[in-house]
Amino acid sequence: METMLTSLIDIPSLLTLASAVPASVSEPAHGAAVGAAQVPQPWVALIPMLPIFGVIIAGVCAIFDVRTKLPAFLTVGCLAGSFLLTLAVFLRYDSFNHGDPFVVHLFDWINLSWGDPSHPTSFAANFSFYIDKLTVLWMLFVTGLAALIALYASEYMSHDVGRAYCRFFVGFNLFVFSMACLVMGDNLVLLYLGWEGVGLCSYLLIGYFYKKPAAVAAAKKAFIVNRIGDLGLALGIYLTFVHFGTVQYSELFASDQLQGYLTAAGEHRWSDIPMTAQGIALLLLVGAIGKSAQFPLYVWLPDAMEGPTPVSALIHAATMVTAGVFLIARAYPLFLISEFALPTVAWVGTITALLAATIGMAQFDIKRIMAYSTVSQLGYMFAGLGVLTTTGAAFHVLTHAFFKALLFLCCGAVMHGFAGQLDLRKLSGVAWMKGWGIVAIGMLVGCLNLSGFAFTAGFFSKDMILAEAFVTPGYSILGWILIGTAGLTAYYTFRVFFRVFLGPQHAEPGDEHHDDHAEQDHTDETDDHHTAAHGHAAEHGGRFHPHPPGWAINTVLVILAIGSILAAGLYFIEKDSHGWVGAMINDSSASYHSPYADHADVAHAEEGAHTGLLFGQDPHQIMYYVSGVVGLIGILLAAILHGPRGWQGLFLGGRTEAGKCRMDSVAKLFGPIPRWAEDKWYVDELYIAIFQTPLRVFAHLFHLFDKFVIDAIVDGVAKLPGALASALRPSQSGQLQGYAAGMAGGMVVLLIIVLVVIGGAS
C-alpha cells in the first residue's frame, strides 16, 4: 500500500524546505504560530456569549409558554450582534497585537500539574479564544448566515409557535455557541467541546420532529456515525499532548519540536519524524472525515434532511459540515509533517466528490439532491487541502456557504408552500406561478454558482482547486476526476432547476399536511393554525393552490442571492495574495504557499519530464476555459434531457409533462446502473450487512446468554436458601409427636450408620 501511494503521489517532491514551513511560522511578523499574546479585549468574548444569551431567552419563553415569534426575533438580534462584533474584529484586527494573532482569556478552565515538583508536567486548557484571520473568516460567515437563517426560520417554523418553537431556537442558539467554541477556541480541548456541542445540537435539530420515526432514525444515525470520527479526534488530541506536551495553539505552532519536524519534512527526511508525530494528523483526519461527511462516513448527511429546512441550511450546508475542513486548516502544520496525511485527504475528497455526484444524479427528492451535492462539494474542499491550496479550499468553503444555503432555503420554500412536496416529478413551472419569482431567481443564482458557471463565485473557487491539482506533481489524475465531477454537478443541478421551475405549471401537494395534523394529535406543542401558518393551502375546486413565501423568507433569499453574486468579487481583491480569502489565510496557521502555485512547468527530477501542464498550458490560465466548457456541457445535457418545450416547441428539452422527460428513455440504455445510483449504490445496505446485522445478532446472543446463563446462575443462588428453607419447614411444625417421631427416626439412622461403619472396619 505504501509503495502504491508513493508511486501515485511523489511526496518528497511536494515539499521543500522553504515552502514546508507556513508563512506564519517562518515569518514572525505574521505571528500565527509565534506565541500569541493575550490582548485585553473582553468584548470579543461576546461573540460566542450572545448566542448563549439567546438560549436563555428562548428557554424563558418556553417556561412562560410564549406563543409569538418573540424567540425568533430575539435570536436574530443576538446572532446579528455576534456578526457585527465579528465584523468589528475584522475591521480593527491590525490594531490588535500589531496585526498578529492574539488570545482573549475568558476564565481558567483546566489547569493541572503533576510529577516532580521541580520539573512538573502541566496541562492547560483555558476557556480562551484564539483570534487570527482564519478565525475571523470562519466566524464572519457562521454568524452572518446564522442570523439570516434564523430570520428565515421565524416564518418557516411558525406552524409550531409555542413551546416547540422555543425548543427549536434553543437548539439553534446552542449550535451557534458550540460552533463559535470550535472555531474560536485557543486549544484543542475547547475545539473538542465545540465539536461535541455541534454534534449534540445536530442530533436535537435533525430529530426535531421527534414523533416522526424517519427523523428519529436520521438523528440517531448522524449521532452514531459522528461518534466514530469523534473517537479519532479525541485520540489525536491525546497524542498531541503526549508528544508535544501542549494542546494550546500558540505554544504548539511555535514549539521548536514542530519547527524541527517541518524542516525535516521540507528536506524529505521523513525518517527523522517519529510515527507518533505523523500519526496525529491521521487521527485528526478521522474526526474531520466524520464531521464533514466524507467517504466512508458520509452516509449520515443525506438522511439528515429529515430535519427542518433551516437546520439543513445552517448545519448541513454552511457551518457544521465545514468543521472538518476548518480542523485540517487550523492544524495544517501537523498535516505537513505527516508523509501520508495530505495525500489521504486529497484522495478521500476526490472519491467522495465523485461518488456523491453519481448518487445525486439519480435522486428525485430535491432536498436530498442538494444534500449529496453538499457531500460532493465538501469533497472538493478536502481535495483542495490535499493538493496544497488552503486558500482554494477556504475560498470554496466561503462561496459554498452562501450559494448552498441559498439553494437549501429555496428548496425549503418550495416544500413550505407545496405541503411538503419535494419530488421533482410532481412539480413543474414553479417560476411562472404567482409569488414564486424571487424563489426562482434565487434558485437560478444558486444553481449557476454550484455548476461553476463562468464568472460566478463558485466558478472561481472551484477553479483554484482544479488548477492546483494539475500543477502539483502526482495529482493530475485527481484533477481529471474532479473536472468530470464538475460536469456531473452542473447536470444534476440544472436537472432540478429545469424540472421544478420551468415547463408547464403543475403541482401535486405533498403529504406533510396530513403528517402535521397527526403530529398535532400527539403533542400540545403546535397551535391550531398550523395549516395556514405553514402555507399549506387546501384544494379549491379540485385544484391545488400553493402558498408563496412571505416577507421573511423572500428577504433572506434576496440577501443570499446578492451575497452569492458579490462573493465572486472577492477573487479580484488583493490579487497578489490570491484574493481576499488568500490574504486572510496568509495571516493564519493555515498559511501555506505551494512551490508549484506560480510555476506550472515544473521539471520532475526523477522522471526527467515536464509536469504540471494542462493541454500544454498553465492550468491556472487555461482552467477558466476548461471548467467553463465542462459546466456548460453539463447544463446543456440537462436542458436536452430535462428542459421544457420552448418557443414554437423548438427548445432542446421538449418536456411537456412534469413526470416525463427524455431522460426516462435514455436511462433505459444503461440497464440497472441508474437504479443502483438511485439506491445510493447500496452503501447503506452494505453497512447494515457488515456492521449493523452482526452487531444485532451478537446483541441478541448476549441477551440470551445473559437471560439463560447469567440470570439462571444469579437466580439459582438466590433461590437456594429458599429451597433449603422449604425443605426444612415441615420439621418445624410445632407438633410434639412429630418431633418425637423425628428423634426416633434420627436415632435409627445413626444406629444404621454406626453398624455400617463398624461392620466395614471389621
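**Stop one: helix α5**

Select residues 70-91, helix α5: its 22 residues should span 32 Å at 1.5 Å a residue, and the end C-alpha atoms are 31 Å apart, which agrees. The expected span here is 1.5 Å times one less than the number of residues. Helices (H or I, at least four residues) and strands (E, at least two) are DSSP runs, numbered from the N terminus.

Before going on, note that this is a predicted model, where local features need pLDDT of at least 70 and side-chain atom pairs count only at pLDDT 80 or more, while totals for chains, interfaces and linings use all residues. Residues are numbered from 1 along each chain as its sequence is written, and side-chain values use heavy atoms, with hydrogens and water left out.

Now colour the buried residues of α5, among them Ala72, Val76, Leu79 and Thr86. Buried means under 20% relative accessible area, exposed over 50%, and partly exposed in between (1.4 Å probe, protein chains only). What do those buried residues of α5 pack against? Show α4 (46-63), β3, α6 (133-156) and α7 (163-184), with contact meaning heavy atoms within 4.5 Å.

Step back to the loop between α4 and α5 and pick Asp65. Its phi is positive, about 55°, although Asp65 is not a glycine. At 31% relative accessibility, Asp65 counts as partly exposed.

**Stop two: the strands**

Next, show β1 (residues 37-38) and β2 (residues 102-114), which run parallel and are joined by 2 bridges. Two strands pair if DSSP finds at least two bridges between them. Look for Gln38 opposite Val103 of β2.

Val104 has Phe129 of β3 as its bridge partner. In the β2-β3 hairpin, with 6 residues between the strands, Gly115 has a positive phi near 95°.

**Stop three: around His243**

Pick His243 in helix α9 (residues 213-244). Is His243 buried or exposed? At 17% relative accessibility, His243 counts as buried. Its side chain makes a polar contact of 2.8 Å with that of Tyr261 and another of 3.5 Å with that of Gln257. A polar contact is a pair of N or O atoms within 3.5 Å; within protein, one must be able to donate a hydrogen and the other to accept it, and residues adjacent in sequence count only if both atoms are side-chain atoms. Leaving out residues up to four places away in sequence, His243 also touches residues including Pro274 and Ile280.

Tyr261 is one of the buried residues of helix α11 (residues 256-266). Just after α11, His268 takes a positive phi of about 65°.

**Stop four: rings**

A whole-structure search finds 41 aromatic pairs. One is Tyr208 with Phe209, edge-to-face at 4.9 Å centre to centre and 75° between the planes. Rings of Phe, Tyr and Trp (its six-membered ring) pair if their centres lie within 6.5 Å; planes under 30 degrees apart count as stacked, over 60 as edge-to-face and the rest as tilted.

For a charge over a ring, select Arg425, whose charged end sits over Phe364, 3.8 Å from the ring centre. The criterion is NZ of Lys or CZ of Arg within 6 Å of the ring centre and within 35 degrees of the ring normal.

**Last stop: a cis bond**

Finish at Phe295 and Pro296, joined by a cis peptide bond with omega about 10°. Pro296 lies in the loop between α12 (275-291) and α13 (300-303).
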